[in-house]
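Hello,

Here is the structure for you to look over. My notes follow below it.

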Amino acid sequence: MVGATATATEMQNNFGRYLAIVADGKEVIITKNGQEVARLIPRNAALSYLTDSLTGILKGNVDLKQAKEERLGEKYETSD
C-alpha cells in the first residue's frame with residue numbers, strides 16, 4: 001500500500017517523516033524530475049517478494065517475466 005510520494009529533495013529534507021511511514025507498513029515512492037526512481041518498502045514486504053520469487057525459480061516452473069509483472073502488480077500496485 002502506498003503511503004506517500006515524495007520528491008528526492010523532500011525525502012532528503014524530511015527523511016524521518018518518510019521513514020515513519022515505512023515503519024508503519026506503507027511504502028514511499030520517490031520521484032526525481034517527475035519520474036519514479038525508487039520505492040522505499042517495509043522489510044517484511046521485501047522479504048515476502050524475494051521469497052515468492054525464489055520459490056518459483058527453484059521449482060523451475062515459472063515464466064520469470066510474467067511472474068515478475070504479476071507479483072509486482074499484485075503486491076506493490078505498480079503500473080508500466
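Contact here means heavy atoms within 4.5 Å. This is a predicted model, where local features need pLDDT of at least 70, side-chain atom pairs count only at pLDDT 80 or more, and totals for chains, interfaces and linings use all residues. Residues are numbered from 1 along each chain as its sequence is written, and side-chain values use heavy atoms, with hydrogens and water left out.

The fold: the protein chain has four helices and three strands. Both are DSSP runs, numbered from the N terminus (helices H or I, at least four residues; strands E, at least two). Their order along the sequence is β-α-α-β-β-α-α.

Burial: of the chain's 80 residues, 21% count as buried. Buried means under 20% relative accessible area and exposed over 50% (1.4 Å probe, protein chains only).

Helix α2 spans residues 15-23, and its Tyr18, Ile21 and Val22 are buried. These three lie on the same side of α2 because they cover an arc of only 100 degrees around the axis. That arc is taken from the directions from the helix axis to the C-beta atoms. Gly16, Arg17 and Ala23 are exposed on the other side of α2. The cover over the buried residues of α2 includes β1 (2-7), α1 (8-13), β2 (27-32) and β3 (35-40). Just after α2, glycine 25 has a positive phi of about 95 degrees.

Threonine 31 sits in strand β2. It counts as buried because its relative accessibility is 15%. Leaving aside neighbours within four places in sequence, threonine 31 is in contact with Thr5, Ala6, Thr7, Ala8, Glu36 and Val37.

Best regards
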